[in-house]
Amino acid sequence: MIKDSTIKKLEILAESAKYDVSCASSGTTRKNQQGGIGSAHGWGICHTFTADGRCVSLLKIMLTNFCLYDCAYCINRRSNDIRRAAFSPKELAELTIEFYRRNYIEGLFLSSGIIKNADHTMERMLRVIKDLRTVHNFNGYIHMKAIPGASRELVYQAGLYADRLSVNLEIPTEDNLKRLAPEKDHQSIFLPMRHIQQHLLENKEERSKFRHAPKFSAAGQSTQLIVGATDETDQQILQLTAKLYKRPSMKRVYYSGFIPVNGYDKRLPVVKDVPRIRENRLYQADWLLRFYKFDVNEIVNDQHQTLDLDMDPKLSWAIRNPHYFPIDINRASYAQILRVPGIGVRSAKLIVSARQHGRLNLAALKRIGVVLKRAQFFIICHEMQSFKLQNSSPEYIRLSLKEPSLPIMAVPQQLSIGLE
Amino acid sequence: MIVFRYDDTFEGVLSAVFDAFNLKKWPQHILTSSDILPLFCTEEFYVQTTDEKFNRVSQAMTKRLPSIALNQISYVWFSQQPERAILIFNYLVKVFKVKHDISHNFADPDILAIRNLAKKVAHERHYLMMFVRFNAINNQGEKIYFASVEPRYNILPFVLDFFKDRFADQKWVLFDSVRQYGYFYDLKHVQIIHLDEHDDFMINGQINDNYLNEDERRFQKMWHRYCQATTIKERVNPKLQKKSMPVRFWKNLPETWHEDP
C-alpha cells in the first residue's frame, strides 16, 4: 500500500527538479536481459507532455531537495523557505519500477540537492540506480547527475549503472558563476566532466578487447546552461557549446531560459518573461552545429554577436552569405543542399536519393517536403525560370520571410531524424 | 474505365497484380465486393485469389524491393484505408515495369504516396509506444497489466515485440477497443484474445473499477500529481501540448484527467 507521505514527497521533489531541462532518453539501445524488466530504444520515447508542452520521458526527480549550497538562480537554495523532502533510495527505486510497469516512463533521471558533502550525496544516489539494476533487474534508461566536486571513483561507479551522466554548467562564464554560486567554480564542474570523458574513452578501449566488459555511460554526457540570468552574449554561449561538442563524450548541451524563481535576489536581473525566442534560436543554432556541420563562427562572430530573433539562424546565415547561392538542387552535394533554408536533413536525403531517377522540379520538391517559401530564394532547379536571389535584395527577403511575432516554444526534443 | 474487384485480402491485391500483367489491363480502381461501382465504368473484372498467383508476385516483390519498401507496403496494408489496394497495386505495377530499383524515387507520386501513408502508420505505432497506459488488474487472484487503446490504424501486431521485450516479467494485455480484439502475454507467449460481449469488465472503453488492483487508482493519482508538479507555470502552452499529444489519446492517459480519481 502506498502511503500518502510518498505522494507528498513525489510532488515536492518533482517540483524541485522541474527546472532541469534535460529529459532525453536517447543514445543507448538495450534489449531486455535475463527476463528482467525494461529495455532502451536508441531514439528515445516520450511518454507524456506537460501543460507547458515539454516532453516527459523519464521520471525526473530529486532524491532530496535539502541543499547546502546557496546558488542565486536555484529554487532549492539553502536560504529559500520551501517544503523539503527526501526519498529513501529503496523507496525511489520501487516507485520508478511501479511507474515503469505502467508504461508511464522510459526510466529515471536522478538529481539531488547536496547534503553533507558531494561524495555522501553521490553515494546515496548511486544506491538508487544500483538497486534498480541489480535488485529489480531493470534494463530501462537511467540518467544521473554527477555532483560537482564528487570523487573520481564514485563517478566511475555511477557510470557503470547509468546510461548517461551529466554535470550542469549553468552559468557560461566563470566570473558570473562565482558571483551567483559562491560555493561552485568551473573547476568543480569541469573536473567530473573530464572524469566522465576519460572513463568513457578507457571503457571504449577496454570493450574493444573484452567484449563483455561492462559499458560505461554509453549515452555519453550532457550539460545545461541557463540563458538570460547573466550578461553572456549568444556568441559566448555558442563558442562554449562548440568547444564542449569537440569533446567526444558530449552529446547534448541544453539551454534553459532564465525563470526568476528567487525574485528577491539582487544579483539577478529583473525580467518579465522567459526568453523563449532566444532559447529557441539557441537550440536551432545548436542543431546547425550538430546536424548541419556549420562552424560556430559562421553562426555567431564578432560582427554578429547575437542571434537574430526574427528569423532562424540558418536563414540569417544565408542572407548574410549570398555568394554561396544559388544551389542547384539537381547537381549540388548533400552538404551544400543541407545549407539551404527550408531544407532539413530529411528533405535533403530525399532529394539526393530521388534525383537519381530524374531531374527534380519545384512540384517534386514541394511533394518531398521542402519549404519553398524560404528555399525559393536560394536554389535553382529544373523548370525554374531564374535565380530569385539576384533579383531581390537581402532586405526584401528578410521582410518577406520575417516570422510572425508569436514564438514557438523550444522543446528539448527527442531525436528522431530520418527514421523509417 | 476498368475496375477490378477483389476479396479484401492482401493475397487478393497481389493476385490482382498478376492478373493485370496477364491481361495487360490497368484498372483505375480496385474495389471490394461491397464497394459501389463508380460512374462511367465500362468494364468490371473479378480477381480470383489463388496461392499460385500470390506466391509468384510475392516472390518477385521480395526479390525486387529492399526491406524498407516491403515494410512500407505492409504498413500501408495494415492502415485499413479504403485506398490501400489501389496504392499497393499502382506501386507494384510501377516496380515490375522497370528493371532498376525505383523505391527511392520520391519525386514519383505513387511511390511518395506509399511512403507517406506508411509514415502515418509508423507514426501511429510510435504513438502506441508512448501513450499506452497499463492498469494493474486482478484476474482470479492473478496480477495482470491491462491497457486499452484506440489506434487509428490496425497496428497492434506491430508493437507486440516491443512490449514483449520490454515487459518480459509481467503478464499484460493490450486491447484494441475499436476493433474489439487484443493480445495477452502470459510470460511466455503472446496470444490473441477477445472479450466476452456481456462482460462488465469494460464500460465505455474504461476498465470497471471493481477489477482494478487496490493500489491502482493511487498510482494514477501519483502520476497525475507528478505531471502537474513538473509543469512550469510561467511557460504554459496548451497548444504545444495538444500538438505533441493529440487529445484523442487523453481518454486513456491518467495525467490528463482533471479530477483526481
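**Figure 1. Overall fold of chain A.** Chain A has 16 helices and 10 strands; helices (H or I, at least four residues) and strands (E, at least two) are DSSP runs, numbered from the N terminus. The radius of gyration of chain A, 23 Å, is close to the 22 Å given by the globule rule for 420 residues, so the chain is as compact as a globular protein of that length. This radius is taken over C-alpha atoms, and the globule rule is 2.2 Å times the number of residues to the power 0.38. The C-alpha trace spans about 70 × 55 × 40 Å along its principal axes. This is a predicted model, in which local features need pLDDT of at least 70 and side-chain atom pairs count only at pLDDT 80 or more, while totals for chains, interfaces and linings use all residues. Residues are numbered from 1 along each chain as its sequence is written, chains are lettered from A and ligands numbered from 1 in the order in which they are written, and side-chain values use heavy atoms, with hydrogens and water left out.

**Figure 2. Confidence along chain A.** The mean pLDDT (the predictor's confidence in each residue, from 0 to 100) of chain A is 88, and 94% of its residues reach 70 or more. Confidence is highest in helix α2 (residues 89-101), at a mean of 96, and lowest in helix α15 (residues 388-391), at 64. Over residues 406-420 of chain A the pLDDT is below 50, and this stretch has 45 contacts in the model beyond near neighbours in sequence; a contact means heavy atoms within 4.5 Å. Where pLDDT is low, the predicted coordinates should not be read in detail.

**Figure 3. The cis peptide bond at A:Pro326.** A:Phe325 and A:Pro326 are joined by a cis peptide bond, with omega about 5 degrees. A:Pro326 lies in the loop between α10 (313-320) and β9 (327-328) of chain A.

**Figure 4. The loop that holds A:Glu170.** A:Glu170 is found between β6 (164-166) and α5 (174-180) of chain A. Although A:Glu170 is not a glycine, its phi is positive, at about 65 degrees. A:Glu170 counts as buried, at 11% relative accessibility; buried means under 20% relative accessible area, exposed over 50%, and partly exposed in between (1.4 Å probe, protein chains only).

**Figure 5. The loop that holds A:Ser217.** A:Ser217 is in the loop between α6 (186-209) and β7 (221-227) of chain A. A:Ser217, not a glycine, has a positive phi of about 35 degrees. The relative accessible area of A:Ser217 is 0%, so this residue is buried. Of the 420 residues of chain A, 60% count as buried.
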